[in-house]
Amino acid sequence: MAHAAQVGLQDATSPIMEELIIFHDHALMIIFLICFLVLYALFLTLTTKLTNTSISDAQEMETVWTILPAIILVLIALPSLRILYMTDEVNDPSFTIKSIGHQWYWTYEYTDYGGLIFNSYMLPPLFLEPGDLRLLDVDNRVVLPVEAPVRMMITSQDVLHSWAIPTLGLKTDAIPGRLNQTTFTATRPGVYYGQCSEICGANHSFMPIVLELIPLKIFEMGPVFTL
Amino acid sequence: MAAAPEPGEPEERKASCTSLHLSYWKSLKLLGFLDVENTPCARHSILYGSLGSVVAGFGHFLFTSRIRRSCDVGVGGFILVTLGCWFHCRYNYAKQRIQERIAREEIKKKILYEGTHLDPERKHNGSSSN
């Protein structure tokens with residue numbers, strides 16, 4: 001989860017998020033250099049004693065400041081499109097879970113190997129145990145195996161919601177009447193937090209998502225399955 | 001993240017939370033957003049870019065004695081050298097990550113299949129002896 005006053009991205013827990021962080025660093029470096037150039041130009045403008053009222057054209061400069069931004073945009077677009085198509089790859093998921101958004105909780109359905117359906121409500125502050133995270137912890141977590149491709153089918157029962165886990169690089173809208181699909185493969189075990197990311201009413205900020213990723217062996221023999 | 005402190009170890013947890021916050025606030029961010037410490041290749045590129053900027057700007061000034069134009073050359077040198085070092089370093093970093101991933105997969109395969117007919121080493125030794 002994020003720590004206090006964190007501005008940057010969380011550490012990656014999936015290969016897609018690793019690629020997104022790399023792309024983010026790449027774009028940020030380009031942005032930094034552009035900002036540096038603009039600040040320098042501003043400094044020159046503010047400190048010059050030259051005043052020229054008879055400039056008629058500046059063809060070379062206009063050519064440069066047209067072509068250069070086009071090249072920069074291509075440099076940013078190519079890795080971006082690569083990651084975009086990477087996120088659309090469906091690599092034979094071994095597990096499918098349905099996630100249904102409600103006002104203001106999530107319902108999860110594990111129907112692959114039996115029927116397990118449960119609701120996931122935020123823990124109210126009065127019910128928090130010492131060590132629990134306020135506004136983030138839930139009564140029933142989504143338990144999933146590590147290093148197994150998982151398919152999430154996301155929809156909503158009432159209004160728009162969005163199922164998001166920043167550390168996995170996931171954010172998928174839950175739209176009533178539509179089934180959206182996202183896949184991911186987690187690379188390390190742990191507990192990962194997310195929050196609803198589409199305004200959905202009074203308690204939009206109070207319907208978090210908690211993923212508990214455990215080793216496959218423990219997942220297979222654990223109480224999550226009901227055969 | 002912050003569990004309740006056990007009776008025997010309150011100082012350790014406080015110290016770890018404090019050090020986490022201190023380490024966050026200690027990270028150097030150029031122009032307020034480029035985290036030079038935690039971004040791979042950023043520190044290396046900025047340092048070489050600064051060196052290139054000084055060399056280009058000062059060198060130009062030595063030859064021409066034009067201050068303003070030398071500053072422009074310095075800024076241009078900084079941008080070009082930083083970009084060049086950045087792409088070169090990121091390319092090598094990407095190659096290194098691919099090699100690490102291949103090595104990790106091969107180690108996993110070796111551990112899983114050692115002693116079985118799928119052992120990659122047995123296949124390799126069998127083909128070389130034939």
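Helices (H or I, at least four residues) and strands (E, at least two) are DSSP runs, numbered from the N terminus. This is a predicted model, in which local features need pLDDT of at least 70 and side-chain atom pairs count only at pLDDT 80 or more, while totals for chains, interfaces and linings use all residues. Residues are numbered from 1 along each chain as its sequence is written, chains are lettered from A and ligands numbered from 1 in the order in which they are written, and side-chain values use heavy atoms, leaving out hydrogens and water.

I turn to chain B. Helix α3(B), residues 67–113, has 47 residues. From first C-alpha to last, α3(B) reaches 68 Å, close to the expected 69 Å, the expectation being 1.5 Å times one less than the number of residues. Buried residues (under 20% relative accessible area, 1.4 Å probe, protein chains only) of α3(B) include B:G74, B:F78, B:W86 and B:R97. What do the buried residues of α3(B) pack against? They pack against α1 (15–47) of chain A together with α2 (42–64) of chain B, with contact meaning heavy atoms within 4.5 Å. Just after α3(B), B:G115 takes a positive phi of about 90 degrees.

Next, chain A. An open sheet of three strands runs in the order β4-β10-β9, with mixed pairing; two strands pair if DSSP finds at least two bridges between them. The edge strands are β4(A) (142–145) and β9(A) (190–195). β4(A) and β10(A) (208–214) pair in the parallel sense over four bridges, and A:L144 has A:L213 as its bridge partner.

Terms used: Buried means under 20% relative accessible area, exposed over 50%, partly exposed in between (1.4 Å probe, protein chains only).
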